[in-house]
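Welcome to this short tour!

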Amino acid sequence: MNNISPQLQNQIAQFQQLQQQLQNLNGQKLQMNAQMKEMERTIAELDKSTGDVFKNVGSLLVKVDDKAAVKAEIEETMETLEIRIKSLERQEKGLREKYDSLQETINKAMGQAPAQQA
């Protein structure tokens, strides 16, 4: 391992950094998708609700008179999340392409066959 060129060491460091960035992006996407699912469930319950509706405001629950306004607010938040998720997916695609290219370069430099995709 000590015979690795400085250029290859740099590529390996970049590769590891790309791995970390992809993991971080994936974690953010998972979190946002979970928020989306929760909001979808909230809207479904709101649509079924016939009684009073309450909204979290800080550490308080406040009674809401206008269910339609609450639903519109949730839907707007969902739209924002969808845009953010799509943005993360574009970033992920770009990073994945760099990752795959760098992986191939490193494998060739180390004299290995291309790694199989998991």
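Predicted model: local features only at pLDDT ≥ 70, side-chain atom pairs only at ≥ 80, totals over all residues.

**Stop 1**

Select residues 6-48, which form helix H1. Two packed helices are described by the angle between their axes and the distance between the axes. The crossing of the two helices is left-handed. Colour the contact of H1 with H2 by residue type, and its residues divide into 22 nonpolar, 12 polar and 12 charged.

**Stop 1: the nonpolar core**

Next, select Ile74, Met78 and Ile106. These are the residues with the most contacts inside the largest nonpolar core, which has 24 residues. Which elements give two or more residues to this core? They are H1 and H2. The largest share, 11 residues, comes from H1.

Stay with Ile106 and show what surrounds it. Leaving aside neighbours within four places in sequence, Ile106 is in contact with Leu8, Gln11, Ile12 and Phe15.

**Stop 2: Gln11**

Gln11 is found in helix H1. Is Gln11 buried or exposed? Its relative accessible area is 15%, and buried means under 20%, so Gln11 is buried. Beyond its neighbours within four places in sequence, Gln11 is in contact with Leu102, Thr105 and Ile106.

**Stop 3: Tyr99**

Now move to Tyr99, which has its place in helix H2. Tyr99 is buried, with a relative accessible area of 12%.

**Stop 4: Met32 and Ile85**

Select this pair together. Met32 has its place in helix H1, while Ile85 is found in helix H2. Met32 is buried, with a relative accessible area of 9%. Ile85 counts as buried too, at 7% relative accessibility. From C-alpha to C-alpha, Met32 and Ile85 are 6.9 Å apart in space, although they are 53 residues apart in sequence.

Which residues does Met32 touch, not counting residues up to four places away in sequence? They are Leu81, Arg84, Ile85 and Leu88. With its own neighbours within four places left aside, Ile85 is in contact with Met32, Asn33 and Met36.

**Stop 6**

Is Leu30 buried or exposed? Its relative accessible area is 58%, and exposed means over 50%, so Leu30 is exposed. Draw one line from Leu30 to Ile85: the two are 55 residues apart along the chain, and their C-alpha atoms are separated by 9.3 Å. Then draw another from Gln31 to Ile85, which are 54 residues apart along the chain, and find their C-alpha atoms separated by 9.9 Å.

Note on methods:
Residues numbered from 1 in each chain as written. Heavy atoms only, no water. Helix = DSSP H or I, 4+ residues; strand = E, 2+ residues; numbered from the N terminus. Buried < 20%, exposed > 50% of the residue type's maximum accessible area, 1.4 Å probe, protein only. Contact = heavy atoms within 4.5 Å. Left-handed = near helix turned anticlockwise from the far one by under 90°. Nonpolar A, V, L, I, M, F, W, Y, C, P; charged D, E, K, R; others polar. Core = buried A, V, L, I, M, F, W, Y, C linked by side-chain atoms within 4.5 Å.
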